[in-house]
Amino acid sequence: MLQGALAGLAAGGLYAVLAVCLTLMSRLVRVVNFAQAATGMVGSYLAVWLVVHTGLPEWAATLGGILLGAGLSAGLGWIVCTWLAETDTGTRSAVTAAVLLLLISLSFILFGNKPQPFRPVLAGPAFQVGGVVVSQVTVATVGLAVLVALACRLLLGRTAVGVRLRALSERPTTAELLGIPAKPLSIAVWAGTGLVATLAISVVAPSQSNDPTSLAMLVVPASAAALLGGFRRLDLAVGGGLVLGVVEGAVAQSDHLSLVRYFLPLLFIVALLLWSQRKEVWDAAR
Amino acid sequence: MNTLRVNGVTVARGAGPVIRDVSLELVPGRITALVGPNGAGKTSLLEAISGVLPIASGSVHIGPHDLTRQSRVGRFRRGLAHIEQGRAVFGGLTVLENLRLTARTGEQVDQVLALFPELAKRADSPAALLSGGEQQMVVLARAFAANPAFLLIDEMSLGLAPVVFTRLLPVVSRFAAEGAAILLVEQFTHLALGIAQDAVVVSSGRVTHQGPAPDLLASPATLHTAYLGESR
């Protein structure tokens, strides 16, 4: 059970990284980015394609894939900032759901519907805890999640750019009237989250189901984790991702419960939504 | 000396035009009171000047520079600031963070805090926790810290006790005296006309009177006629 839980920590780290990205997107540019994992999937697929078809060194291909993920995300951000700048969160998020489907279809056309021959960026054990092996991938993803969350906290709280981003997220029109360049800053957030998501997916993809749908749908457990923090708190988003991964890993060890793990994120989301609405009066909640 | 010129501006909002063929000029060192009944189009005119609303026809210039197609950020960089209706503070930011958004130096922050000593005591408080009057002070101080040449102020008194509002008016006058051109939209017509040098009355989206503010203040009949939409 402990081995399973620790194995699940690698996936949990990935959920946590993606949850941090989703939380940042929601807080700073008012979008629930359903295409967050899909852009990472396309970027990591490109890396594999570059290695297989061009013979590029793995590090260079991975770097190219990460840059493509960031570029794709920035491109989507440019579209949203240019044509949907004054629309509400629901409309902007709906656009990203359409992009999610588009990217899954595109990856089927470009790369086929089979898992890709990923070569591990990281492999092997990092250390042991009580005889249980903790892999390098687990350490990398959990470390990346914590690092990104801390870096974002510092950026938003301690730097002039962070203060501008917070102002922009609160009152975009007022921020622009004060000379804060909304579009470049927003696109930078899109690009940054795209970069981090692609990096995390590139690290984890070799060690888990890596067909296009599985990778793109990582946004579901990531959303569950982000929901724990109300799409506002980075620490709870990280915690939620790790807990979800550990529970999934532990459940996978049981023959009777292993199928349940696929539904855990959805159960998590339903439970959180019900919990968050527990004190709502019917008329007010509608 | 640059002026801000609004030339024959028409603004459409929803079904049709809310501002029709409005022209006015803001001159450095002077306050222009823009008054009129509710729904006359005062806020829409300010929003068109600062770029919140698109201009259907006409133009806005600062000196030789045409701002009509410029972004909001571009207009701000030309020296135009707009204080929106309803105490537009960034509630999650502290008072200091609000001010540092526009101030280039610590000295500028100190200067605006000297205008509002109440704020200095609450510099590290989130702006959302301030009283309505203090929040309006933050908004004014933030605009002053940018040192704009042209300042549009929309309904500064909204939701404030009159005693608080009358505390703010002299600060606005002083800022104009230091060289800024101010366009002041205000529901308290007499208070606005009392500190302004120029007056513009709009009714149903059209300018119905333009002239010296003291003259309009001294002639209630003229003001009444202009409010009813009859040009003189």
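The turns below take up the record, the strands, the sheet and the contact in that order.

Q: What has to be known about the model and its numbering?
A: This is a predicted model, in which local features need pLDDT of at least 70, side-chain atom pairs count only at pLDDT 80 or more, and totals for chains, interfaces and linings use all residues. Residues are numbered from 1 along each chain as its sequence is written, while chains are lettered from A and ligands numbered from 1 in the order in which they are written.

Q: Which residues of chain B does UniProt list for "domain: ABC transporter"?
A: UniProt positions are given in the numbering used here, feature names are shortened, and annotations may be inferred rather than shown by experiment. The unreviewed UniProt entry lists residues 4-229 of chain B under that name. Helices (H or I, at least four residues) and strands (E, at least two) are DSSP runs, numbered from the N terminus. By that reading, residues 4-229 of chain B are 38% helix and 27% strand, and the end C-alpha atoms lie 25 Å apart.

Q: How many bridges join β1(B) to β2(B)?
A: Two strands pair if DSSP finds at least two bridges between them. Strand β1 (residues 4-13) and strand β2 (residues 16-26) of chain B run antiparallel and are joined by 7 bridges. One bridge pairs R13(B) with G16(B) in β2(B). The two strands form a hairpin with 2 residues between them, and G14(B) in the turn has a positive phi of about 70°. β1(B) also runs antiparallel to strand β4 (residues 57-62) of chain B, over 5 bridges; there T10(B) has S57(B) as its bridge partner.

Q: In what order do the 6 strands of the open sheet come?
A: The order in chain B is β6-β7-β8-β3-β9-β10, with mixed pairing. β6 (80-83) and β10 (206-212) of chain B each have a single partner strand, so one side of each lacks a neighbour in the sheet. Axes are lines fitted to C-alpha atoms, for helices over the stretch in contact, and angles run from 0 to 180 degrees between N-to-C directions. The twist averages 15° from one strand to the next. β6(B) pairs with strand β7 (residues 150-154) of chain B in the parallel sense over 4 bridges, and A81(B) has L151(B) as its bridge partner.

Q: How many residues does each chain give to the contact?
A: Two residues are in contact if their C-beta atoms, placed from the backbone, lie within 7 Å. Chain A gives 14 residues and chain B gives 18. On the side of chain A that touches chain B, α6 (160-170) and α7 (172-177) of chain A are the elements that give two or more residues; α6(A) gives the most, with 5 residues.
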